[in-house]
Amino acid sequence: IINIVMIDVAIDAARQAGTLAYRYFKTQSTRVTYKPDNSPVTKADIEAEKLIRKIISQILQPSLQSGT
């Protein structure tokens, strides 16, 4: 069963990452590079992923440390 708190965290992380990415696209040129599988990636994509990982890890870390 998915914890409702985790759903809320995921939604919040996605919103924050979307806001961050939008700022990149609105204010900077969107230089595209390619990953090893030839899929495109921008600095906005990389930064948004970092933010999502940070938000989720802040929530999961206490649970992982306590074993719950």
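Begin by selecting Arg53, which is exposed, with a relative accessible area of 57%; here exposed means over 50% relative accessible area, buried means under 20%, and partly exposed lies in between, with a 1.4 Å probe and protein chains only. What you have open is a predicted model, in which local features need pLDDT of at least 70 and side-chain atom pairs count only at pLDDT 80 or more, while totals for chains, interfaces and linings use all residues. Residues are numbered from 1 along each chain as its sequence is written, and side-chain values use heavy atoms, with hydrogens and water left out.

Side chains of opposite charge can pair when their charged atoms come close. Both Arg53 and Glu49 lie in helix 2, four residues apart, which is about one turn of the helix; helices (H or I, at least four residues) and strands (E, at least two) are DSSP runs, numbered from the N terminus. Glu49 itself is partly exposed, at a relative accessible area of 41%.

Lys50 is partly exposed at 49%, and Glu47 is partly exposed at 22%.

Next select Ala48, which lies in helix 2 (residues 43-66) and is buried, with a relative accessible area of 11%. Show Ala17 and Leu20 as well, since Ala48 touches them when residues up to four places away in sequence are not counted; contact means heavy atoms within 4.5 Å. Ala21 is 27 residues from Ala48 in sequence, yet the two are 6.2 Å apart in space, C-alpha to C-alpha. Ala17, Leu20 and Ala21 are among the buried residues of helix 1, and that list also includes Val9, Ala13 and Tyr24.

**Along helix 1**

Now select Asn3, which caps the N-terminal end of helix 1, with a side-chain oxygen 2.7 Å from the backbone nitrogen of Val5. Moving on to Ile7, you will find a residue of helix 1 (residues 4-27) that counts as partly exposed, at 34% relative accessibility.

**The strands and their loop**

Finish at Ser39, in the loop between strand 1 (32-34) and strand 2, where a polar contact of 2.5 Å joins the side chains of Ser39 and Asp37. A polar contact is a pair of N or O atoms within 3.5 Å; within protein, one must be able to donate a hydrogen and the other to accept it, and residues adjacent in sequence count only if both atoms are side-chain atoms. Ser39 also touches Thr33 and Tyr34, not counting residues up to four places away in sequence.
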